[in-house]
Amino acid sequence: MTMAYIDPTHRARLAIGGEQAARRVVDVLTEVFFEGQAAVAAFERPDSCWDVTVHFADPPDQALVRQIVINAAGAEAATGLTFDTVEPRDWVWASLQDLVPVPAGRFVVHGRHDRDRIAGNKLGVEIEAALAFGTGHHATTRGCLLLLDHILKAWRPRRVLDLGTGTGVLAIAAAKALREKILASDIDPVSVQVTRENALLNASGHLVRSIRATGFSARQFATAAPFDLVLANILANPLRQMATPMARHLAPSALVILSGLLTPQASSVIAAYRVRGLVPLRHLRIDGWSTLLLRKLN
């Protein structure tokens with residue numbers, strides 16, 4: 001998204017109780033309205049609901065927008081849909097003000113407006129607000145970055161995988177810290193493309209290889225494995241289901257960082273990996289979410 005309108009802009013807003021529903025709404029709105037017609041942003045709130053905001057250059061067809069929300073997320077979600085007009089301003093810049101820099105060890109996830117404020121001894125990962133899924137502002141992403149920073153202080157993995165990369169935050173962070181090639185995968189083709197764009201934005205396009213894959217099914221895993229380090233910020237159920245293929249693609253003594261799980265779910269995820277020969281080393285708890293560091297036994 002590259003435009004910022006100086007005329008009054010028209011806004012639609014709603015709150016949705018779940019990431020998948022919010023993602024569906026964002027995906028459909030992005031398909032229906034071309035770049036320059038509208039900009040869509042989604043942010044997770046502390047209560048795990050998602051705020052979806054759309055800025056339009058021209059007055060939108062409210063009935064159409066409402067029907068899109070109903071089709072993507074159900075009639076109940078559409079009841080909270082509101083429309084208004086905002087004063088003339090650079091609304092892209094305004095939306096970025098909510099995307100404050102997030103420090104995590106040596107890493108700082110930030111928007112373009114904070115690019116020049118990152119300290120020289122920090123590694124900045126620039127992600128724009130319009131690509132808000134996986135921007136680093138969720139506790140799970142921060143937990144992964146904290147553990148990544150912790151292990152890289154004393155160890156240098158050669159083969160690294162970011163599984164379920166989202167916007168590529170973890171892959172870019174690893175690439176910047178290691179200056180090594182990183183494999184990033186996601187089931188969502190939009191995420192794959194966004195990761196490529198963000199890697200280029202962060203001068204890491206030559207290091208981050210982004211592919212579309214479901215779990216470990218893609219042929220690229222066979223040639224890239226065995227991995228010394230895997231980062232997987234997904235959800236508890238998929239993490240449990242992937243324990244066996246994950247273990248098969250790991251080198252001896254490999255480390256795995258797992259997140260996307262609520263703290264009460266952590267014990268079942270640990271159990272699923274323990275029986276595959278991985279033992280827990282650290283357990284971070286941030287805002288009710290858990291991030292795990294595991295090691296594969298020889």
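Strand β1 (residues 9-16) and β4 run antiparallel and are joined by five bridges; helices (H or I, at least four residues) and strands (E, at least two) here are DSSP runs, numbered from the N terminus. In that pairing, arginine 13 sits opposite threonine 82 of β4. This is a predicted model, where local features need pLDDT of at least 70 and side-chain atom pairs count only at pLDDT 80 or more, while totals for chains, interfaces and linings use all residues. Residues are numbered from 1 along each chain as its sequence is written, and side-chain values use heavy atoms, with hydrogens and water left out.

Now step back to the sheet around that pair. Four strands make an open, antiparallel sheet ordered β2-β3-β1-β4, with two strands counted as paired if DSSP finds at least two bridges between them. At its edges are β2 (38-44) and β4 (82-86), each pairing on one side only. From one strand to the next the twist averages 20 degrees. Helix α1 (residues 19-32) lies across β1, β2 and β3 (50-56), and runs at about 10 degrees to β3. For such angles, axes are lines fitted to C-alpha atoms, for helices over the stretch in contact (heavy atoms within 4.5 Å), and the angles run from 0 to 180 degrees between N-to-C directions.

On to another sheet, again open: three strands in the order β5-β6-β7, with mixed pairing. Its edge strands, β5 (102-104) and β7 (123-126), have a single partner each, so one side of each has no neighbour in the sheet. Three bridges tie β5 to the antiparallel β6 (residues 107-110), and alanine 104 has phenylalanine 107 as its bridge partner. Helix α5 (residues 139-152) lies across β5 and β6, at about 35 degrees to β5.

Last stop, helix α7. At the start of α7, a side-chain oxygen of aspartate 188 comes within 3.1 Å of the backbone nitrogen of valine 190. Which residues of α7 are buried? They are Ser191, Val192, Val194, Thr195, Asn198 and Ala199, where buried means under 20% relative accessible area (1.4 Å probe, protein chains only). These residues cover an arc of only 165 degrees around the axis, which puts them on the same side of α7; the arc is that of the directions from the helix axis to the C-beta atoms. The buried residues of α7 pack against α1, β7, α6 (169-178), β9 (182-186) and β10 (208-212). After α7 comes alanine 203, with a positive phi near 55 degrees.

How values were computed
Buried means under 20% relative accessible area, exposed over 50%, partly exposed in between (1.4 Å probe, protein chains only). A polar contact is a pair of N or O atoms within 3.5 Å; within protein, one must be able to donate a hydrogen and the other to accept it, and residues adjacent in sequence count only if both atoms are side-chain atoms.
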